[in-house]
Amino acid sequence: MDTKLIVVVGGAGKLGRLIVNSLLAHPDTRVRALVRNPGKPEVAALAQDRVELAAFDAVSADDEARADAVRGAFTVVSALQGFGPDIIIDAQLSLIRAAKAAGARRFIPSAFAYDFFTLPAGINVHSDWRRTLGESARSEVSDSFEVVHVLQGMFADRNVLGFLGLFDGEKGIVRYWGDGTTPIDWTTWEDTARFTAAAALDERKVPERLFVSGDRMDILTFAKTWESIRGRKLSRERLGSLEELERETKRRIAQEPRNVPAWLPLMYARGVFGGQALLGPSHNSRYPEIHAENLAAAIARGAL
Ligand SMILES: NC(=O)c1ccc[n+]([C@@H]2O[C@H](COP(=O)([O-])OP(=O)(O)OC[C@H]3O[C@@H](n4cnc5c(N)ncnc54)[C@H](OP(=O)(O)O)[C@@H]3O)[C@@H](O)[C@H]2O)c1
């Protein structure tokens with residue numbers, strides 16, 4: 001088997017590191033991790049036998065820097081995080097074009113979410129940027145070059161739920177909007193990284209939307225499951241209806257347009273509890289070597 005080079009943009013981020021590690025679990029794989037600051041000790045420590053680090057800023061890079069960054073890649077994976085269209089749309093679109101020009105087989109943008117293609121526009125500005133990127137990227141797709149969005153729902157992780165204001169295990173509180181029975185797709189960070197690595201190395205055609213998932217469970221069933229595994233009671237706090245969630249989101253944006261943390265979690269909550277961005281039929285079985293952890297197992301090991 002030929003050795004494949006996978007380029008990981010944002011390779012020093014939380015998901016980026018997990019993707020690099022998952023790639024290294026595959027033999028005959030080399031990784032080029034693109035990082036903004038390869039001199040930082042904790043970043044420099046990522047370099048090893050099969051991992052090279054390259055300095056790269058996705059926003060300020062010019063065509064030549066992008067071409068150098070992706071040269072020789074079988075797949076370019078982006079695990080960038082960004083809070084503006086400059087990085088989510090413009091920088092990633094430029095990287096997609098560079099990857100295609102370099103002869104890569106595919107580009108995997110930093111999606112890693114629920115299915116924002118089916119979420120109506122105007123609910124979550126971050127989802128809107130990712131959908132715009134996906135739609136713009138279609139004109140780059142050809143018989144020999146694909147763009148694949150890994151879609152896995154919400155990470156089964158207490159910090160992610162905490163960011164959304166939905167769960168505090170220490171205080172024993174679970175909060176929700178709507179009636180609490182909307183199904184939610186959940187996958188761990190680690191399994192998402194495994195599926196992403198498998199898709200990056202895949203010799204076969206990969207669907208544009210790669211749906212992978214650990215579980216589907218509504219928030220009230222999550223609360224019950226958590227209680228039975230942890231042996232502790234959670235109090236349930238209904239924050240309001242979906243209409244109230246929409247009104248509250250708009251109110252906060254009008255009141256504090258620049259204070260993103262005041263309203264962004266509510267936008268994600270609308271995506272999660274609205275039920276419009278559920279994943280399509282699972283593609284887990286494409287990669288039978290990956291046994292995705294369900295929510296009960298993730299709770300049992302303390303992820304939540
Ligand atoms: N579905 C969910 O529940 C969920 C939850 C969390 C995250 N996510 C998604 O997962 C993806 C990765 O998130 P994460 O939490 O792993 O992010 P993270 O830890 O913040 O890492 C983001 C990486 O992007 C890099 N980066 C940012 N701006 C850059 C630029 N201009 N040029 C080059 N690199 C740049 C950062 O580089 P430095 O190391 O130099 O700062 C960092 O390594 C995102 O798409 C995010 O939306 C999904």
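Two residues count as in contact if their C-beta atoms, placed from the backbone, lie within 7 Å. The model shown in these views is predicted.

**View 1. Helices α9 and α10 pack against each other.**
Helix α9 spans residues 242-255, and helix α10 spans residues 260-273. Their axes come within 9 Å. They cross at roughly 155°. Angles over 145 degrees count as roughly antiparallel, and α9 and α10 are therefore roughly antiparallel to each other. The crossing of α9 and α10 is left-handed. From α9, the contact takes in L242, L245, E246, E248, T249, R252 and I253. Facing them in α10 are A262, W263, L266, M267, A269, R270 and F273. By type, the residues of this contact split into 9 nonpolar, 1 polar and 4 charged.

**View 2. Helix α1 crosses helix α7.**
Here α7 covers residues 189-201, and α1 covers residues 14-24. The two axes come within 8 Å and cross at roughly 55°. That angle makes α1 oblique to α7. The crossing of α1 and α7 is right-handed. On the α1 side, the contact is made by L15, L18, I19, S22 and L23. On the α7 side, W189, E190, A193, R194, T196, A197 and A200 take part. The residues of the α1 contact with α7 comprise 8 nonpolar, 2 polar and 2 charged.

**View 3. The buried residues of α1 and what covers them.**
Which residues of α1 are buried? They are L15, G16, L18, I19, V20, S22 and L23. The cover over these buried residues includes α7. Strands also belong to that cover: β1 (4-9), β2 (29-35), β3 (51-55) and β4 (75-78) are included.

**View 4. The shell around the ligand.**
How many residues lie around the ligand? There are 24. Of these, G10, G13, L15, R36 and Q81 come nearest. Helix α1 and strand β8 (154-155) each supply at least two residues of the shell. The largest share, 3 residues, comes from α1. By type, the shell divides into 14 nonpolar, 7 polar and 3 charged residues.

**View 5. Q152 in the loop between β7 and β8.**
Strand β7 covers residues 149-151, and Q152 lies in the loop between β7 and β8. Is Q152 buried or exposed? A residue is buried if 20 or more other C-beta atoms lie within 10 Å of its own. Q152 has 28 C-beta neighbours inside 10 Å, so Q152 counts as buried. Leaving aside neighbours within four places in sequence, Q152 is in contact with F112, T187, T192, V212 and S213.

**View 6. G153 in the loop between β7 and β8.**
G153 is found in the loop between β7 and β8. G153 is buried, because 25 other C-beta atoms lie within 10 Å. Not counting residues up to four places away in sequence, G153 touches Y114, I184, D185, W186, T187, S213 and L279. Q92 is 61 residues from G153 in sequence. The C-alpha atoms of G153 and Q92 are 21 Å apart in space.

**View 7. S142 in the loop between α5 and β6.**
Helix α5 covers residues 125-137, and strand β6 covers residues 146-147. S142 is found in the loop between them. Is S142 buried or exposed? With 12 or fewer other C-beta atoms within 10 Å, a residue is exposed. S142 has 8 such neighbours, so S142 counts as exposed. S142 and E237 are 95 residues apart along the chain. Their C-alpha atoms are separated by 49 Å.

**View 8. Helices α3 and α4 cross.**
Helix α3 spans residues 63-70, and helix α4 spans residues 85-101. At what angle do their axes cross? They cross at roughly 60°, and the axes come within 9 Å. That makes α3 oblique to α4. The crossing is right-handed. R66, A67 and V70 of α3 make the contact with S94, L95, A98, A99 and A101 of α4. The residues of the α3 contact with α4 divide into 6 nonpolar, 1 polar and 1 charged.

How values were computed:
Residues numbered from 1 in each chain as written. Predicted model: local features only at pLDDT ≥ 70, side-chain atom pairs only at ≥ 80, totals over all residues. Axes fitted to C-alpha atoms, helices over the stretch in contact; angles between N-to-C directions. Helix = DSSP H or I, 4+ residues; strand = E, 2+ residues; numbered from the N terminus. Parallel < 35°, antiparallel > 145°, perpendicular 65-115°, else oblique. Left-handed = near helix turned anticlockwise from the far one by under 90°. Nonpolar A, V, L, I, M, F, W, Y, C, P; charged D, E, K, R; others polar. Near = placed C-beta within 6 Å.
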